[in-house]
Amino acid sequence: MRQGGILYVDYQIGVMQKMKSNNDEYLLETESISKNFGAVEALKKVDFKVEAGEVHALIGENGAGKSTLIKILGGVHQPDKGKIKLENEYVNFKNPVSSQEAGISIIFQHFKLMPDLTVAENIFVGREDLKSNGLIDWKSLNGKSKDILTRLDKNIEPETPVKQLTVAEKQFVEIARALSFDAKIVIMDEPTACLNEEESEILFETIRELEKDNYTIIYVSHRLEEIFKIADKATVLRDGELIGTREVAETSEKELVRMMVGSDIENLVKKESEVEEKEIILDIKNMKINSQVNNFDLTLYRGEIVGLAGIKGSGRNKVAKALAGILPFSGEVFLEGEKIDINNPWSALDYGIGHLPQERNDEGIFPQMSVKNNLTIKALKKLERKLTKFIDQNKENVIFDKLANTMNIKFHNKNDTIMSLSGGNQQKILLSRALAPQCKVLILEEPTQGIDVGAKAEIHKLMKSLADEDEIAILMVSSEIPELVRMTDRCIVMQRGEITGILEGEQLNNENIVACATGTERIKSANSEVI
Amino acid sequence: MNYWKLYNRYGLIIVILILGTFLAIINPRFLLPYTLINILAQASYAAIGGAGMTLAIAGGGFDLSVGSILTLSACVVATLVPTHGILLAILAALLVGILLGVGNGIIISKLDVTPFIATLATLNIIRGLVYIYTAGRAPILIRDARLNAITAGRIGPVPVPVIIMIVVFIVFYLVLEHTRYGRHLCGIGSNEEAAKVTGINVDRAKIIVFAITGLTAAMVGVMRAGQLMMADSDTGFGYELTAITVALVGGTSLSGGSGNMVGTFLAAIFVTMINYGLNLIGAGVFVRQLTLGALLIVAVFAKSYGGKILAVSK
């Protein structure tokens, strides 16, 4: 007995010593956290450790468990097993409020701001200062808000209604709100998903400021290049498991990708040889949109991928939307030599112009409808039985199965709603939807926005095979310059509604695209006189 | 948890069976074929309008003007039967319903007025038309008994309204579940912006769906006029609420994007059974109205509560 007792004490001391050494190092720690949703193991024994004052990136593909982990830290979910330790002490977050009170603030990807309230009201909603007569003390409220915004170096007036702000400004209001809780740890869920490059830079600047002020930041993102810009450390999750944590300064993009995907993604080989005999499929002459796009000419050849680059507001998305029949325009469009009138989206559809919209949620998915019905909605005309006009369910299933298979879409049941899929798979459904009616020309707006590395590679591969094997001409609008350089045969760059660059071959590189999109440079590659 | 799953799928059937057992206990004559068929015939009036309403709700709208359209069509058929004959009178009444519905659809799609405001306005406008049309004449009595035979008589043992109802439900079910138009409607109800971008002719689909609700209202108007052999300015009073209630109790969600035609059918029968039961125990019309309202809250609450439980247990 005595011996046993001694052993027991020893064991205790051992544990306590171990605990102590951890305490000094980490501000926030999860100990072997597991979480299941039904049969799905979202997290498996995750030990996630964050030091005080660092910017810690949390990366992984869709479905890797990032969201679950931050929701557990934020008190939205409770772990099935394991514990959370904050500043040395075990904590139990029963709900989001308890986590907030402990100093953890989450900025979710989809803002939870109330558009009609002012900036100050949004920051302090539910915690407004009251005057002695019970009315809101606007002076104090606006003053406090101004203080926080100034601390963030942001010139946003507290009295402005939130709906008048840009996306980036809204983000700063979210950050200001997080800080107003006296947060020690700010968790950002894909903060740049809706920002353009310029706005992202401003956000990074703010993150660096916050880091200087000794805030701890957990930064969830898909975009590796961002992590190298701002993060100190990166932790990779895959299939609910923590694969590893790396010092950003000591790792490489390649290594992180390998950790995320589990294997090397072969770099797609750029198409070397041009199509021998170029056959014109779409010819746009003198397109004019609302005086925001002028004199836009473009010839698309069968089987080529053409990029459309430019900063936001350059008109690149307007051209895409005009061709899809969403925006009215003047000018002439010829499809396979014949003049066509694209007056509305359904005529574009009938001509065989496929379109992937820019905003997945607002313009793409039908949330109440099933996975299958979301995919086939553009192809129904071809699926109608001749006599009864009923949809031929067998044919519909064949089309669905075929596309779901080539696109490698992961789903449980095709009759579940589309909301049961991850973002990457939703995007694949939308791409399949554009392809289902068998198009000749495919207009893609931001085809890989907000999806993970693996899905992105798959979509890229698919685009290549659509162009090479099915000889579809693809016009791709993208904000991601490396993607344009790697994927396109030719890239049109726009600035303020006009074409400022036509880049091909050697000249198609990052520097030239940026130069044409933002500077005074005008480049037209020699071998593209045809245009 | 599984009870909720069961309720979601078979809730109405279970509730109908329970209520049926109860009614059979307090009045054994309830189980006579005659009573059951009568209940179906009674249910057809709520069911047909409910079917149209289900389509409108699936498409993200709803139609408050059906009661007024019903009244006007009833008055049109009643006034035209003596002068133009039964067939033309019925066709004219149905045409009135379709045209008023097209008007609703144009206001909603082309003028971009929300369905609530647009149909609230036309509810009043059409009611005004009824008063102008029937000025000094209401109630308009119908003397041609053939109209009653056509709209409320029987073919063999089966009442005509039941046949009409069944045809309407089969057609509407097929339209909603098996046609391009049905899918497009659900797309519009689910995400209108996406529907536009996807190449759905949103305006046309909306105009058609309101023409359909107008048509169903006019059908019920003609049937009512034939049943009662008269029409007056109160014939369709409150019918819009009956139609919406039946659709919602049937499990169609007001948020749009899907419709439950079978549920609407069952809900119409259920509501009629409740009215039958209340009649049986001698409850007045006020109690019936009160019950209908309470029923709506209970049904919608059960659906959303059950849905939440299912979502969590997932």
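At what angle do the axes of helix α6 and helix α10 of chain B cross, and within what distance do they come?

**Entry 1: the model.** I worked on a predicted model, in which local features need pLDDT of at least 70, side-chain atom pairs count only at pLDDT 80 or more, and totals for chains, interfaces and linings use all residues. Residues are numbered from 1 along each chain as its sequence is written, and chains are lettered from A and ligands numbered from 1 in the order in which they are written.

**Entry 2: α6 and α10 of chain B.** I looked up the opening question first. Helix α6 (residues 145-152) and helix α10 (residues 202-228) of chain B have axes that come within 8 Å and cross at roughly 125 degrees. Helices (H or I, at least four residues) and strands (E, at least two) are DSSP runs, numbered from the N terminus. Axes are lines fitted to C-alpha atoms, for helices over the stretch in contact, and angles run from 0 to 180 degrees between N-to-C directions. Angles under 35 degrees count as roughly parallel, over 145 as roughly antiparallel, 65 to 115 as roughly perpendicular and the rest as oblique.

I then listed the residues that meet: L147(B), N148(B), I150(B), T151(B) and A152(B) from α6(B), and V222(B), M223(B), G226(B) and Q227(B) from α10(B). Contact requires C-beta atoms, placed from the backbone, to lie within 7 Å. By class, this contact of α6(B) with α10(B) has five nonpolar, four polar and no charged residues. Ala, Val, Leu, Ile, Met, Phe, Trp, Tyr, Cys and Pro count as nonpolar, Asp, Glu, Lys and Arg as charged, and the others, Gly among them, as polar.

**Entry 3: α8 against α10 of chain B.** I found that the axes of α8(B) and α10(B) come within 10 Å and cross at roughly 105 degrees, which means that α8(B) is roughly perpendicular to α10(B). Y181(B), H184(B), L185(B) and I188(B) of α8(B) make the contact with V202(B), A205(B) and V209(B) of α10(B). Six of these residues are nonpolar, one is polar and none is charged.

**Entry 4: the side facing chain A.** I noted 20 residues of chain B in contact with 24 residues of chain A. On chain B, the elements giving two or more residues to this side are α7 (160-178), α8 (180-190) and α9 (192-197). α8(B) gives the most, with five residues. The side of chain B that touches chain A holds five nonpolar, ten polar and five charged residues.

**Entry 5: a sheet in chain A.** I traced an open sheet of four strands in chain A, in the order β13-β12-β15-β16, with antiparallel pairing. Two strands pair if DSSP finds at least two bridges between them. β13 (293-301) and β16 (338-340) of chain A are the edge strands, each pairing on one side only. β15 (residues 330-335) of chain A pairs with β16(A) over three bridges, and L335(A) has E338(A) in β16(A) as its bridge partner. Helix α10 (residues 316-323) of chain A lies across β12 (280-289) and β13 of chain A, at about 115 degrees to β12(A).

**Entry 6: confidence.** I recorded pLDDT, the predictor's confidence in each residue, from 0 to 100. Chain A averages 83, with 90% of residues scoring at least 70. Residues 1-23 of chain A stay under 50, and pLDDT is also below 50 over residues 264-275 of chain A. Chain B has a mean of 89, and 94% of its residues reach 70 or more. The model scores ipTM 0.85 and pTM 0.74.

Key. Two residues are in contact if their C-beta atoms, placed from the backbone, lie within 7 Å.
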